Amino acid sequence: MLRRRWPGLILLVFLVFSCAGKGPRLRIAAHGESGICRVAVLPFVNQTRREGAGELVTRVVIAELVNSGLEVTEEGVVKRFLERERCLPGESIPARVMEKMGEELGIKAVVGGMVTEAREVGDQVRLGFFLWVKDVRDGHFLWGTYYVKDGEDYRKILHFGKVSSLSGLAQRMVHEVVRTSMKRSLFRCRVSS
């Protein structure tokens, strides 16, 4: 009787472990504020040879934050502010400029980061990015994560679930990061009834 159950038990264990992927690990500062609702997203720095990878992740982050109910300052408003303050893309923003951004745009935090890996060869994709959130009052780090995934990491059985485009992989990864931050109440907006 036990011999008949082994193949089913082995298949069950395989499916459970193959479907249980590791999610993003968030590094949270001891003085971090929770429940942030109003943010601005800075352009992600592209550290790869893949042209447009920074813009792709920036737009996916903006879309995911908006879909999660956060109030996100428009991308064009952020760009004009940075140009006016003479902050070049990819350079660190001084604390005084961040504070001014918070006052002018009515935000509590800025979200930014860099893309460290972006490869797409055939249906094989890999993406890695560092995402951080900083307090606009003093420029201090609130929380962040470094997250790397392959399209294969989402495979369930055979080819089902596999992500084969860079944009699809970015959407899945950013969704996981934002969902994890919501569960930890790092981002949260009160919904008015």
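Of the 193 residues in this protein, 40% count as buried, where buried means under 20% relative accessible area, exposed means over 50%, and partly exposed is in between, with a 1.4 Å probe and protein chains only. Please keep in mind that this is a predicted model, so local features need pLDDT of at least 70 and side-chain atom pairs count only at pLDDT 80 or more, while totals for chains, interfaces and linings use all residues. Residues are numbered from 1 along each chain as its sequence is written, and side-chain values use heavy atoms, with hydrogens and water left out.

Now the overall layout. We have five helices and seven strands; these are DSSP runs numbered from the N terminus, H or I with at least four residues for helices, and E with at least two for strands. Going along the sequence, the order is α-β-β-β-α-β-α-α-β-β-β-α. As for contacts, meaning heavy atoms within 4.5 Å, residues 24 or more positions apart supply 65% of those with a separation of 6 or more.

On to helix packing. Two packed helices are described by the angle between their axes and the distance between the axes. The axes here are lines fitted to C-alpha atoms, for helices over the stretch in contact, and the angles run from 0 to 180 degrees between N-to-C directions.

Let's take helix 2 and helix 5. Their axes lie 9 Å apart, at an angle of about 45°. That pair is therefore oblique, since angles under 35 degrees count as roughly parallel, over 145 as roughly antiparallel, 65 to 115 as roughly perpendicular, and the rest as oblique. The crossing of helix 2 and helix 5 is right-handed, which is the case if the near helix is turned clockwise from the far one by less than a right angle, anticlockwise being left-handed. Helix 2 brings Leu56, Val60, Val61, Glu64 and Leu65 to the contact, and helix 5 brings Leu166, Ser167, Ala170, Gln171, Val174, His175 and Val178. By class, that gives eight nonpolar residues, three polar and one charged. For those classes, Ala, Val, Leu, Ile, Met, Phe, Trp, Tyr, Cys and Pro count as nonpolar, Asp, Glu, Lys and Arg as charged, and the others, Gly among them, as polar.

Next come helix 3, residues 75-84, and helix 4, residues 95-105, which pack at about 135° with axes 11 Å apart. Helix 3 and helix 4 are therefore oblique as well, and helix 3 passes helix 4 in a right-handed crossing. Val77, Val78, Phe81, Leu82 and Arg84 of helix 3 meet Val97, Lys100, Met101, Glu104 and Leu105 of helix 4. In this contact seven residues are nonpolar, none is polar and three are charged.

In the loop between helix 3 and helix 4 you'll find Arg86. Its phi is near 60°, a positive value in a residue other than glycine, and Arg86 is exposed at 71% relative accessibility. Ser185, in the segment after helix 5, also has a positive phi of about 60° without being a glycine. Ser185 is partly exposed, at 24%.

Let me finish with Thr48, in the loop between strand 3 and helix 2. Is Thr48 buried or exposed? Thr48 is buried, with a relative accessible area of 18%. Its side chain makes a polar contact with the side chain of Asn46 at 2.6 Å and reaches the backbone nitrogen of Arg50 at 3.2 Å. A polar contact is a pair of N or O atoms within 3.5 Å; within protein, one must be able to donate a hydrogen and the other to accept it, and residues adjacent in sequence count only if both atoms are side-chain atoms. Leaving aside residues up to four places away in sequence, Thr48 touches Ala53, Val115, Thr116, Glu117 and Ala118.
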